[in-house]
Amino acid sequence: MSALARWCYQHRFVVITVWIGLLIGLAVMSQAVKTTYDNSLTLPGTGSGSAQKLLQRSVPAQAGDADQIVWRTSRGSVTDPAIEQRMSAMLVRVSHLPEVASVASPYSPGGKVQVSADGRTAYATVNFTKAADDLDRADIKRVIATATAAHEPGLAVELGGKAISNTEQAPPSTMSAIGIGAAAVILLIAFGSLLAMALPIVTAVVGVSMGLMLMAPLSHLMSVNGIAPILGALIGLGVGVDYALFIVTRYRRALQSGLDPQQSAVQALNTSGRAVLFAGGTVCIALLGLLTLDLSFIDGLAVPAAITVVCTVVAAVTLLPALFGVLGLRVLSRRQRRRSRTAGPDHAESGSGIWARWSRTVPRFPVVLAAAGLAVMVVVSAPVLHLRLGFDDASNDPTSTHTHKSYGMLAKGFGPGFNGPLLVVAQPHSAADRAALEQLQHALTAVPGVAAVQTGPAQTRPGAGPAVEVTQVLPTTAPETPATSSLITHLRSTVIPRYTHGTTLRVYVGGLTATLDDFASVTSAKLPWFLATIVGFSFLLLVLAFRSLLIPALTAVLNLLAAAASFGVLTAFFQWGWGTSVFGLGSASPVEGYLPELVLAVLFGLSMDYQVFLVSRMAEEWSHTRDNTRSVLAGQTDTARVITAAAAIMIAVFTAFVFMGQRSIAEFGIGLAAGVALDAFILRTVLVPAVMHLCGQANWWLPRWLDRRLPHLAIEPAMEEQPVRAPESALV
């Protein structure tokens, strides 16, 4: 790291020019190749996966989804001549708009099923030429403007569907700006210098921008999910600002200790820079560990997020030294520069301040503080025992959106289950199969929880084998409710086997609702294995880093406790609805099925970061004094301000994304913000030091035979490589 820091410092203008050229080149390339998002959710080996595969092979037109234009009249019927003429003309105009393939009108032959029984609600299906995430927003907005122009007093017109939803979400850039603004305020308070505040912001923005632009070529190599840019920006900004913060803090401390700017840059990269590489590596490994789940939907989120983290790390260890070379001493505030000139170098240890006083309080009451910290974590974690994974529907969109209003109109006109129909898919190969299927279709109407059954004509395409029959089953309950999940299970385990037993007929329950329900089940089943993997990895890594068995074991237990607490907050906030109304995030509903693994991967990486920054300083002191009390005291005193400031920045960035109005992203933001807050302000400042004071020298015990066989992993260089020891306490 010393050679890299020295080269970047001495060739600062070359490095800055290369970064600018790289960003311009990536911007041009991303515009040229375009990003192709893939939100398809395929689950091989599940009922919905088999149904989707059969539909894609035989009836591709029914394998996807489409958007709807919904209208409801407060008087008369939607089939009244005046309304029919007005809406038919509007649908014709919509059908001729760019990127609209066709419009299925309720006024066309066979369209009566698109009119509610009371005659007051109707809908038309708009089929676009591309997937929702590949459509230009301007084209979608033309459809919205044309459709809503048909409304009049007594006639409400709304739209629903994925494409419509995309236009109603705040762009990631808006939320990123809010998060960056909050981080800038915290950094300005911490540093007291505009230039010092700007360094972490600039570095993080450059790294995140690079990561987001790399998603365009990546999307042509693998399936990238449509929310990957939002998730990448959320994670990248959080870790990017923090990583730069650690390095800038060390650089400022080195300047105050009397080193010149080049020596300070070298020392900062050779100490905190190494820790940043280690921290970024743990986050990336945790994210890429999600690939073991073998779910393409998760892969399309994990890989782009990991690439964004890599970009922020590269920016931190190359661009920052170059910027140090340009700014020099101006990274310090004027008061600090003036004090250095008049009072000379500051070699003082951090012996004062709120965190120094707190670190001296912990060893006086370790039992009480450990018990109190544990009690807080257990209480916050308690709701996780009631966690239910699933998915939310458009009823949880902001009440002002078209999607929320159209959902309500459809639910009112056709029943709540209309917004999440189930598709019973079968391909009969014989007369016996066809007879069994007819009996099943007839029996479905009498199944409790089924509101209606619609059977369409058998369809197939040349070469796809016998015709496929698709029966649409409308539940009596909304898609996200437990009752709908129970109905899916009942159909698969009881109803379908009863009528297909003794035949070769294979019947699958599919559709978006069944797919999301299966996804929640699959991820729940794989979650314990993923937890075991990341806990085992963290244990092994910390054994190598700190030559201890107790510290890694304590870290593993506390990381699990932090994860449980994070999901306890999510359960209370979203599933119980304690916080959703405050943020306009709809009513109580299950936590997204794909959330646990992603949140756990990020929290695992961040928890490892904080633990490494804290314990590495303790280990450094232990190697010189062999005094556990002094080591724990020094570690907490020298790192608490940095860890809590870094946590405050992450909390601000993560919370900013809650205001996007997209519930799944809000769940990420709340889960990560809660996890980081509890980790930094309870675990690392109370529980870890209190328990380590109680355990004494046992913290550092490792059997000699094991010590001889394990390779050594040095996070920071040997002391002789550092001209002046600069603790991580430099937030002035």
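H11 and H21 are roughly antiparallel to each other. The reason lies in the angle: their axes cross at roughly 155°, and angles over 145 degrees count as roughly antiparallel. This is a predicted model. In it, helix H11 covers residues 261-288 and helix H21 covers residues 595-625. Their axes come within 8 Å. The crossing is right-handed.

Look next at the residues that make this contact. H11 contributes Ala-275, Phe-278, Ala-279, Thr-282, Val-283, Ala-286 and Leu-287. From H21 come Ala-601, Val-602, Phe-604, Gly-605, Leu-606, Met-608, Asp-609, Val-612 and Phe-613. By class, 13 of these residues are nonpolar, two are polar and one is charged.

Now turn to the sheet. It is open and has four strands, in the order S2-S3-S1-S4. The pairing is antiparallel. Strand S2 (100-104) and strand S4 (155-160) form the edges, and each pairs on one side only. From one strand to the next, the twist averages 20°.

S2 pairs with strand S3, residues 121-128, in the antiparallel sense. Four bridges join S2 and S3.

Helix H5, residues 137-148, lies across strand S1 (67-73), S2, S3 and S4. H5 runs at about 165° to S4. Helix H16, residues 402-414, lies across S1, S3 and S4. H16 runs at about 110° to S4.

Conventions:
Residues numbered from 1 in each chain as written. Predicted model: local features only at pLDDT ≥ 70, side-chain atom pairs only at ≥ 80, totals over all residues. Heavy atoms only, no water. Pairing = 2+ DSSP bridges. Helix = DSSP H or I, 4+ residues; strand = E, 2+ residues; numbered from the N terminus. Axes fitted to C-alpha atoms, helices over the stretch in contact; angles between N-to-C directions. Contact = heavy atoms within 4.5 Å. Parallel < 35°, antiparallel > 145°, perpendicular 65-115°, else oblique. Left-handed = near helix turned anticlockwise from the far one by under 90°. Nonpolar A, V, L, I, M, F, W, Y, C, P; charged D, E, K, R; others polar.
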